[in-house]
Amino acid sequence: MYAKIESESLLYIKLNQQKLGVEEYIQLRDAITNDRKVTDIDRNLILPATYIGSPRHMHEYAQDAITYVRSYGRPDLFITFTCYTAWSEIKEELAHR
């Protein structure tokens, strides 16, 4: 079912390139200018930044990370952990807020 949903999403993006405003993308203009292959433009599919996992989406995440570093400085630690939300310690801390 997930594959079907992704397929439908990609089909929508493919069929609605004009609505999504792909002609405004700078990279598309650069490709036309540099490659001069105008005949291949209709075959290219430009994924918007809203499509999770697309190059534009990843580029936005990288830009966000750079913004955080610029605002708050370089991180000292990167800590992750997994916990069970029903732990009494978690419930007690969340109850205070």
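Colleague: Why are Y68 and Y72 separated by about one helical turn?
Modeller: Y68 and Y72 are separated by about one helical turn because they are four residues apart in helix α3. Helices are DSSP runs of H or I with at least four residues, strands are runs of E with at least two, and both are numbered from the N terminus. Please note that this is a predicted model, in which local features need pLDDT of at least 70 and side-chain atom pairs pLDDT 80 or more, while totals for chains, interfaces and linings use all residues. Residues are numbered from 1 along each chain as its sequence is written, and side-chain values use heavy atoms, without hydrogens or water.

Colleague: How many aromatic pairs does the structure hold?
Modeller: There is one aromatic pair in the structure. Y68 and Y72 form this pair, and their rings are stacked, with 6.4 Å from centre to centre and 25° between the planes. (Rings of Phe, Tyr and Trp, the last by its six-membered ring, pair if their centres lie within 6.5 Å; planes under 30 degrees apart are stacked, over 60 edge-to-face, and the rest tilted.)

Colleague: Are those two tyrosines, Y68 and Y72, buried or exposed?
Modeller: Y68 is exposed, and Y72 is exposed as well. (Buried means under 20% relative accessible area, exposed over 50%, and partly exposed in between, with a 1.4 Å probe and protein chains only.)

Colleague: Let us step back. How many helices and strands does the chain have?
Modeller: The chain has four helices and zero strands. Along the sequence, the pattern reads α-α-α-α.

Colleague: And what share of the residues in the chain is buried?
Modeller: Of the 97 residues in the chain, 14% are buried.

Colleague: Where is S54, and what does its side chain reach?
Modeller: S54 sits in the loop between α2 (26-35) and α3. A polar atom of the S54 side chain lies 2.9 Å from the backbone oxygen of Y51.

Colleague: Why does S54 count as buried?
Modeller: S54 counts as buried because its relative accessibility is 1%. Apart from neighbours within four places in sequence, S54 is in contact (heavy atoms within 4.5 Å) with L47, P48 and A49.

Colleague: What about L47, then? Where does it lie?
Modeller: L47 also belongs to the loop between α2 and α3. L47 is partly exposed, because its relative accessible area is 21%. When residues up to four places away in sequence are not counted, L47 touches L10, I13, S54 and R56.

Colleague: How far apart are L47 and Q17?
Modeller: L47 and Q17 are 30 residues apart in sequence, and their C-alpha atoms are 8.9 Å apart in space. Q17 is in the loop between α1 (2-15) and α2. With 12% relative accessibility, Q17 counts as buried. The Q17 side chain reaches the backbone oxygen of I13 at 2.7 Å.

Colleague: New topic: how many salt bridges does the structure hold?
Modeller: The structure holds one salt bridge (a side-chain nitrogen of Lys or Arg within 4 Å of a carboxyl oxygen of Asp or Glu). E8 forms this salt bridge with K4, and their closest N and O atoms are 3.3 Å apart. E8 and K4 are four residues apart in helix α1, so about one helical turn separates them. E8 counts as partly exposed, because its relative accessibility is 40%.

Colleague: Last one: where does I79 lie, and why is I79 exposed?
Modeller: I79 lies in the loop between α3 (55-72) and α4 (88-95). I79 is exposed because its relative accessible area is 63%.

Methods. Polar contact = N/O pair within 3.5 Å; in protein donor to acceptor, adjacent residues only side chain to side chain.
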